[in-house]
Amino acid sequence: MSQLHMALEERRRRDVRVDEVDGNGSGNEAAARQTQADCAKLAPKARFEICQADISRADDRARLVQFCKDGFGRLDMLVNNAGINIRAPIHELTLEQFRSVLDTNLTGTWLMCRAAAEDMLAARWGRVINI
């Protein structure tokens with residue numbers, strides 16, 4: 001059994017807070033609600049909440065970490081899976097479009113790790129999973 005699977009099995013036994021984040025802040029609430037429902041089927045004793053955030057924005061990262069702390073009192077695990085892609089031939093992409101992808105997929109992921117690290121270090125425990 002993988003460590004992630006064991007962690008998820010442990011989480012099924014407790015009331016936890018899991019947040020669905022839209023990586024670019026576009027607000028796909030229907031997809032977030034579907035994820036919430038799917039998770040509830042897998043872990044019926046857990047609590048699943050939605051928080052929309054754009055991880056490329058500092059204020060959203062701070063708000064997301066606070067959202068988790070307010071709901072559960074601490075932040076134990078961060079799963080970075082936000083990402084965007086602009087499908088176009090490279091010669092048609094603008095520098096602004098390229099930077100947008102980097103800001104979310106690379107910089108945003110790194111900055112979310114930093115945002116979560118402070119609380120995890122203070123607690124002397126935490127896990128980060130980058131997908």
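Guide: Happy to! Let's look at helix α4, where V101, T104, G108, T109, M112, A116, D119 and M120 are buried. Buried means under 20% relative accessible area, exposed means over 50%, and partly exposed lies in between, with a 1.4 Å probe and protein chains only. Helices (H or I, at least four residues) and strands (E, at least two) are DSSP runs, numbered from the N terminus. Before we go on, please remember that this is a predicted model, in which local features need pLDDT of at least 70 and side-chain atom pairs count only at pLDDT 80 or more, while totals for chains, interfaces and linings use all residues. Residues are numbered from 1 along each chain as its sequence is written, and side-chain values use heavy atoms, with hydrogens and water left out.

Now back to that list of buried residues. An α-helix has 3.6 residues a turn, so residues three or four places apart point the same way. In α4, the buried residues pack against α3 (58-72), β3 (77-80) and β4 (127-130).

What about the helix as a whole? α4 covers residues 95-123, which makes 29 residues. From first C-alpha to last, α4 reaches 40 Å, close to the 42 Å expected at 1.5 Å a residue; that expected span is 1.5 Å times one less than the number of residues. Along the way, α4 has a kink of about 40°, centred on G108. The bend at a residue is the angle between axes fitted to the seven residues ending there and the seven starting there. G108 is also one of the buried residues.

After α4 comes R124, in the loop between α4 and β4. The phi of R124 is near 60°, a positive value in a residue other than glycine. R124 is exposed, with a relative accessible area of 79%.

Finally, see what α4 connects. β3 and β4 pair in the parallel sense over four bridges; two strands pair if DSSP finds at least two bridges between them. The chain crosses from β3 through α4 to β4, and this β-α-β crossover is right-handed: with the strands pointing away from the viewer, the path from the first strand over the helix to the second runs clockwise.

How confident is the predictor here? On pLDDT, its confidence in each residue from 0 to 100, α4 is highest in the chain, at 92.

Methods:
Contact means heavy atoms within 4.5 Å. pLDDT is the predictor's confidence in each residue, from 0 to 100.
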